[in-house]
Amino acid sequence: MALSTIGTAAIADDAVTSAKVDSTTTAFTVADLVVTNGISAGTDIVGNISGRILLDASASGTDVGDEFLLDGTDGSATNAGSKIVFEEGTDDPNTLLSTDLTLDGQVKFSQNYELNDSNTYVKLASTTISSSVAQIAFDASVVDSAKYDVFYCTIRNLSATNNQDDIGVRFSADNGRNLIDNSGMHKYELVNGNDNGRNFNKAYHPIADDSEEGVSVEDGTDGYFYLYNAGSSTHYKSVIGHGMTENSGTSGNYYGYKGMSRLLWTAPINYIKIISVQNNLDRGTVTLYGVRS
């Protein structure tokens, strides 16, 4: 005997029992929704589902935000492990950041960073001192001449522990164990007067001579230098730079220096140190950059 359709109102509220819904052994179907092992943790829901399925992990909170994974149920497992995402590329930072991105706050990096664009100078390290030290040195962990054939170094407000100290630079190819033979000279010009000349045959690359020691606004040596052919195994190295300092004696005389050096060494450089030739350094900042070719 054929049965007539049972009206919705004729089904008691408790006709579908909680035992049926919570079953871990019996599957049931409601429209396109197929529940294979009851609706409980660790089971599968298969069917055409509109809307969103959210994990809120109300019991412990450990699964909040977890993603659903595809299981490759078509037999080929082509999509096994793929992620369901709301926007294309949001699981791939390379895709996400390939277009313009505006950030409201600061972006901070815990280590050195390098921009993959046309920027020429890559900041490698910076050291600031406020008490007496023998030198400011950058070792092989920073001076990577296999990556950079040219280095650029800035010197700001650098002073020595005594008056009439000279500021210079030394180089090494074995991480500072041995210093390279140097043939350096510089020309000097009095900025606020008529005095000029040259000094030569320095064992270091000169930045400035007779620097004033102290903490006034006038003193301190500023300058920079470039090191060329740092990564070459066949060529000698060249160093060229400029410096400026107040001459010792608090006379208010300011000298500019143009320094040039030839390092008679073919091995790649992996160590650079800035020194006071006669004594120690006690103040200032030195920053080293790698220069892209």
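Which residue in S14 does Phe138 stand opposite? I looked it up, and the residue is Ile272.

**Entry 1: ground rules.** I am working with a predicted model, where local features need pLDDT of at least 70, side-chain atom pairs count only at pLDDT 80 or more, and totals for chains, interfaces and linings use all residues. Residues are numbered from 1 along each chain as its sequence is written, and side-chain values use heavy atoms, with hydrogens and water left out.

Entry 2: My strands are DSSP runs (E, at least two residues), numbered from the N terminus, and two of them pair if DSSP finds at least two bridges between them. I then followed an open sheet of 4 strands in the order S5-S14-S7-S10, paired antiparallel. Its edges are S5 (135-138) and S10 (205-211), each pairing on one side only. From one strand to the next, I noted an average twist of 15°, with axes being lines fitted to C-alpha atoms and angles running from 0 to 180 degrees between N-to-C directions. Between S5 and S14 (residues 271-276) I found 4 bridges.

**Entry 3: the sheet with S4.** Next I traced an open sheet of 8 strands, S4-S15-S6-S11-S12-S13-S8-S9, again with antiparallel pairing. Here S4 (121-129) and S9 (196-202) are the edge strands, and the twist averages 15° from one strand to the next. I also checked S6 (residues 150-160) against S15 (residues 281-291): they are antiparallel, with 9 bridges. Tyr152 has Tyr289 in S15 as its bridge partner.

**Entry 4: rings.** I looked up aromatic pairs, meaning rings of Phe, Tyr and Trp (its six-membered ring) with centres within 6.5 Å; planes under 30 degrees apart are stacked, over 60 edge-to-face, and the rest tilted. The structure has 11 of these pairs. Tyr121 and Tyr152 are edge-to-face, because their centres are 5.2 Å apart and their planes stand at 65°. This pair joins S4 to S6, across 31 residues of chain.

Is Tyr152 buried or exposed? Buried means under 20% relative accessible area, exposed over 50%, and partly exposed in between (1.4 Å probe, protein chains only). Tyr152 is at 17%, so I wrote down buried; Tyr121 is at 39%, so I wrote down partly exposed.

Tyr152 also pairs with Tyr226, with centres 4.7 Å apart and planes at 35°, so I called the pair tilted. Tyr226 sits in S11 (residues 221-228), 74 residues from Tyr152, and Tyr226 is buried too. Finally, I saw ring pairs link Tyr121, Tyr152, Tyr224, Tyr226, Tyr228 and Tyr289 into a cluster.
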